Amino acid sequence: MPGRGYLGDVSDRSDAVDAWEALYRAQVAVLRQLRSEFPDGGTSITEYDVLFNLSRQPGHALRIRDLNKHLLLTQPSVSRLLDRLAAKGFVAKSGDPDDARGTVVTLTAAGLAEFRRVGTRHSHSIAARMSALTPDELRQLAALTDKLRGGLAGSTGVPRSGGSGASLSPSERA
């Protein structure tokens, strides 16, 4: 059953471990470099990730519990982060009209402007780090990581553009 997650012998498992280590080490190295190059100006890379994820949602709004699926933070950390972003005027929190227990977070005009300001510079840094790969290799990498995420048990189904904190539309790349 190749391609369906079957690792029948030791060499297959060894290949899987080697691939995992390579993926993990590459991610750590690239992320460290991106963090060191992240634009100064008061918005952290974690705050930017929230702005990025909200910018990709219809109406630039999302329930907190749904936003949490896109982030690598615990629920209490997300709540504190959203409080900081609200204090900066980048997001607004309101009750969920469909569920009184829920809270919706909406990107404000100031938050969208900050996302675009930081994202433009951040995307240049990402492009520079990823320039070691050809365009075909970049597409292959995206397809392979999508396939890997899609095959995970309990996958949240979060699309690739959610959570990377990197993607800008063509008009935002200027």
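This report covers the confidence, fold, core and surface of a predicted protein model.

## Basis and confidence

Residues are numbered from 1 along each chain as its sequence is written, and side-chain values use heavy atoms, with hydrogens and water left out. The model is predicted: local features need pLDDT of at least 70, side-chain atom pairs count only at pLDDT 80 or more, and totals for chains, interfaces and linings use all residues.

The protein has a mean pLDDT of 83 (pLDDT is the predictor's confidence in each residue, from 0 to 100). A value of 70 or more is reached by 81% of its residues. Confidence is highest in helix 2 (residues 45-55), at a mean of 94, and lowest in strand 3 (residues 99-107), at 88. Over residues 159-174 the pLDDT is below 50. Beyond near neighbours in sequence, this stretch has 42 contacts in the model (a contact means heavy atoms within 4.5 Å).

## Fold

The protein has six helices and three strands. These are DSSP runs, numbered from the N terminus: helices are H or I with at least four residues, strands are E with at least two. From the N terminus on, the order is α-α-β-α-α-β-β-α-α.

Take the contacts between residues at least 6 apart in sequence: 62% of them join residues at least 24 apart. Of the 174 residues, 30% are buried. Buried means under 20% relative accessible area, exposed over 50%, and partly exposed in between, with a 1.4 Å probe and protein chains only.

Among the buried ones are Ile45, Tyr48, Phe52 and Ser55. Glu47 counts as buried at 4% relative accessibility. Leaving aside neighbours within four places in sequence, Glu47 is in contact with Gly42, Leu81, Arg84, Leu85 and Lys88.

The largest nonpolar core has 22 residues. Such a core is a set of buried Ala, Val, Leu, Ile, Met, Phe, Trp, Tyr and Cys residues joined through side-chain atoms within 4.5 Å. Val50, Leu51, Leu54, Leu67, Leu82 and Leu85 have the most contacts inside it. Two or more residues each come from helix 2, helix 3 (64-68), helix 4 (75-87), strand 3 and helix 5 (109-130). Helix 2 gives the most, with six residues. Leu67 is in contact with Val50, Asn53, Leu54, Leu62 and Leu82, again leaving aside neighbours within four places in sequence.

## Surface

The protein exposes about 10,800 Å², and carbon and sulfur atoms supply 57% of that area. Accessible areas come from the Shrake-Rupley method with a 1.4 Å probe; for residues, only the protein chains shown count as cover.

Trp20, Leu23, Tyr24, Leu148 and Leu152 form a nonpolar patch on the surface. Together they have about 480 Å² of accessible area. Patch residues have over 30% relative accessible area and no salt bridge; nonpolar side chains (Val, Leu, Ile, Met, Phe, Trp, Tyr) are joined within 5 Å, like charges within 9 Å. A salt bridge is a side-chain nitrogen of Lys or Arg within 4 Å of a carboxyl oxygen of Asp or Glu. Helix 1 (residues 10-37) supplies the largest share of the patch, three residues. Leu148 sits in helix 6 (residues 135-150). Leu148 is partly exposed, with a relative accessible area of 45%.

## A backbone detail

His60 has a positive phi of about 55°, although it is not a glycine. His60 lies in the loop between helix 2 and strand 1 (61-63). His60 is partly exposed, at 25% relative accessible area.
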